[in-house]
Amino acid sequence: MKKSLIALAVLASSGAAMAQSSVTLYGVVDTSIGYVKGEDSVSGMLNSGNATSRLGFRGVEDLGNGLKAEFVVEGELQPDDGTAGGLNFKRQSTVGLSGSFGQVRLGRALTASYNAVSRYDLFGTVGLGSTLAWNGTQTGYQNRSNNMISYISPKFSGFGVGIDYGFGEQEANRTARYMGVGATYDNGPLSLGLGYDKQNNGLAAAGTEDLKTWQLGGSYNFGVAKLLAFYKNTKYNEIATGDDVSLKSYNVGVSVPVGAAGEVKATYNNYKISDNGGKANQFSLGYVHNMSKRTALYGTYAYLKNKDGANFGLNGAFTGVNGANDSGKMHGLQVGVRHAF
Amino acid sequence: MKKSLIALAVLASSGAAMAQSSVTLYGVVDTSIGYVKGEDSVSGMLNSGNATSRLGFRGVEDLGNGLKAEFVVEGELQPDDGTAGGLNFKRQSTVGLSGSFGQVRLGRALTASYNAVSRYDLFGTVGLGSTLAWNGTQTGYQNRSNNMISYISPKFSGFGVGIDYGFGEQEANRTARYMGVGATYDNGPLSLGLGYDKQNNGLAAAGTEDLKTWQLGGSYNFGVAKLLAFYKNTKYNEIATGDDVSLKSYNVGVSVPVGAAGEVKATYNNYKISDNGGKANQFSLGYVHNMSKRTALYGTYAYLKNKDGANFGLNGAFTGVNGANDSGKMHGLQVGVRHAF
Amino acid sequence: MKKSLIALAVLASSGAAMAQSSVTLYGVVDTSIGYVKGEDSVSGMLNSGNATSRLGFRGVEDLGNGLKAEFVVEGELQPDDGTAGGLNFKRQSTVGLSGSFGQVRLGRALTASYNAVSRYDLFGTVGLGSTLAWNGTQTGYQNRSNNMISYISPKFSGFGVGIDYGFGEQEANRTARYMGVGATYDNGPLSLGLGYDKQNNGLAAAGTEDLKTWQLGGSYNFGVAKLLAFYKNTKYNEIATGDDVSLKSYNVGVSVPVGAAGEVKATYNNYKISDNGGKANQFSLGYVHNMSKRTALYGTYAYLKNKDGANFGLNGAFTGVNGANDSGKMHGLQVGVRHAF
């Protein structure tokens, strides 16, 4: 995504003094026509099939001596109906300082654990083709935390680490808090990522607590094709039964450039739930045609098959067909445009 | 409304490459002091008496070969209390491609049918003087649709067409969908517009379905004065009774420039409901004084008279006096300032 | 707070004519780590410890002859969780005209009465160290009004006046309306402020009506230190009992510059409620280190002691400990960063 830089002249309210600064207004509008068929079928308009539609403001101030102050506020857009519920900045709202030591940052943001591994989903965890591994609704996983203090290290020989602590803000400090760490290694064609995180009670999925996740992934770019894979293992406790439940998923993907502007991508996802033995397989196929660095047309086809009573649904599908279905199968197709500014 | 163009330098995140682009931040703040008298009277502050208060972001990217990518996200402001309910982008949220073929656009926007004819209301369908012909609360008409795919033709010898399809996103495709077409002809002093649209169930007015509208209008600018007129015929089905109801309205107006910066405008509206024979007449008188191209002072007086049990109220009046009243009469006065940026 | 000026070229939609104008995008992101101990203790992330986090847009248009059109829309940010409830413009939404006569402005804004005196709280009425004198939750006072027409005089020899009238927009004009006046005198090291306002029923604190406030304050800058003080006396009627209640509070403060970039500040607040004789004392100590004109690190410690059954809590504390506690004591500590753009 390219960013638009608004040239700014920061004017001291007292008058003469003038310094250079910058605030960046940026965003994405991504909308598609979609068709999803499960037990029933629905066609309509879907948001964010290739990248999450968003509007954000961010800035960097040079404080001297290599120190910088940085802020970001970024909210999601739903262009099909004009941002139902109103604009907020729940994608990211942070302020921090950065320098040779790395970055220290306060506020709501994606976690380092999620960032380290989610980048190996070729569908960018959006749209019908996305993996469900981090789908909050279907796995209880939260990829962001409120009230988070984060440290992001500088890169040493391609190696970097991020550490997050999200306050629960309860009398008992343990309640609702988030803790996690993510490590990445990027060197030429090779990329590796590893994450661990733990969320205490107060989770997205009601009736559960102590969600712990191990995840790792990697990719290698051979030039003619890029191969990617990740594995995610989440455990949580069901409060009513006291049982531990595990959600294991893995994904393998391949991306092939087509001409100067095209990309074909295909992924296979496997999901397994421990307690009832439910399973699902998902196959996603996509094509992206870049009309420029900022604008692309894309098409995605995804197929999901539930087994043994599992009840997964394609990511971002229409409400009516997002749940279970008799046949255990779901097909999805979307064709859209993504424009970044 | 003038638009403010923010000069932008789009910076590739990878570094050196730099291209010219533009994102426009624009808006209107329009606030007035108003007095409305029906059975009771209320004075206070009204929004959007001359133009709808709004905040928007939009941009165009040149893709080469005459092709452009375009986006708009625009939300309404309520400056009297600071946007109660929060900022959304429900006025327009679209992304599309345009070129010599016209424009294809996805998302929420005004419909072509509404755009083709509503432009003949001299009060711009806002404020106390506005026609009630398209008032959603009072007629069930919706001038925007969610989930809409739109085609807007280029202009051929002053003639243009827009076609809209809004997905209902239900299992039964017919439910809640929108379909419409608008045609316009603009040539020198003459302007004509024609629209047809159909909304299935899931309408703004509960208990009704299958709202169909025919509408047409026109204007001629004689220089010393501009004459305008439109006619709108809406039919819908009352689910409980199965009866068809029709709402017929027409409007005639005249606008006279006064000096270099002033405009006097007057309109007469007639409304008629088929099922109970209710009727209403409305007379609106306005003056706009342009202090610049962006800023204007304005005053509006409107008088509405209900007959035969009709229950119309002036557009945008205070809540307490917006309904029926014993005398069947309503007077409204507002004086305000409109500032576009 | 410095403001960022976006250089804009206003383009007439008709083409050639081009005029200079400006829209300013500005804001603050202020986030801190806090610890508050009352009966229980909570640690977590707090917003706006040094300045209220916000995002705003404003502009000025020169209309010639010294006349200007001005608008502001400004909303609060909650960076710890990304603006829960969505972005609105409830901090300020106004449009107005200004010139040699002063400014006339319509919309929602801070009142002149509040502005005249609140500036003598060294903690800027934000964060744990803030005075509670104007805390809406704890005193029923409203420092803004909807539907407000305001006149702000130019400065004559350091003297200025602001007058506000906020429509209640009810059939009975008296209901829910706001009226107030604020006067200020600023001359070299001396600053004085005086305010009176009256809010009829429809107040923030349910079950009360006719809230009347007298307030005055002042400061003197000796160079090595600045001394500040204010007094506020609010009376309202409890509807159920018919009793008049008074809330009296005073504040004294001292601010001492430390080096080129630092400021130490200390305040003492005394609160007294008439009807039950409840009282509270508050001591606040703060340090602000300015890393630049736009960015600061800060730390605040505050101590509050309730007596005779009073139930005050530190401003902006976590929900769980914001109420009363057995010991009647509350301690608060916060360390954060404020970045203005």
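The model is predicted: local features need pLDDT of at least 70, side-chain atom pairs count only at pLDDT 80 or more, and totals for chains, interfaces and linings use all residues. Residues are numbered from 1 along each chain as its sequence is written, chains are lettered from A and ligands numbered from 1 in the order in which they are written, and side-chain values use heavy atoms, with hydrogens and water left out.

**Chain C**

Select residues 262-273 of chain C, which are strand 15, together with residues 279-290, which are strand 16. Strands are DSSP runs (E, at least two residues), numbered from the N terminus. The two pair in the antiparallel sense over eleven bridges; pairing requires that DSSP finds at least two bridges. Here C:Y271 stands opposite C:A280.

C:L285 stands opposite C:Y301, and a hairpin of four residues joins strand 16 to strand 17.

**Chain B**

Now select B:Y35, B:V256, B:V258, B:V264, B:F283, B:L285, B:Y287, B:Y301 and B:L333, a nonpolar surface patch with about 690 Å² of accessible area together. Patch members have over 30% relative accessible area (Shrake-Rupley method, 1.4 Å probe, only the protein chains shown counting as cover for residues). Nonpolar side chains (Val, Leu, Ile, Met, Phe, Trp, Tyr) are joined within 5 Å, and like charges within 9 Å.

Strand 16 of chain B gives the most to this patch, with three residues. Finally, select B:Y35 in strand 2 (residues 18-37) of chain B. B:Y35 counts as partly exposed because its relative accessibility is 36%, between the limits for buried (under 20%) and exposed (over 50%).

Methods. A salt bridge is a side-chain nitrogen of Lys or Arg within 4 Å of a carboxyl oxygen of Asp or Glu. Buried means under 20% relative accessible area, exposed over 50%, partly exposed in between (1.4 Å probe, protein chains only).
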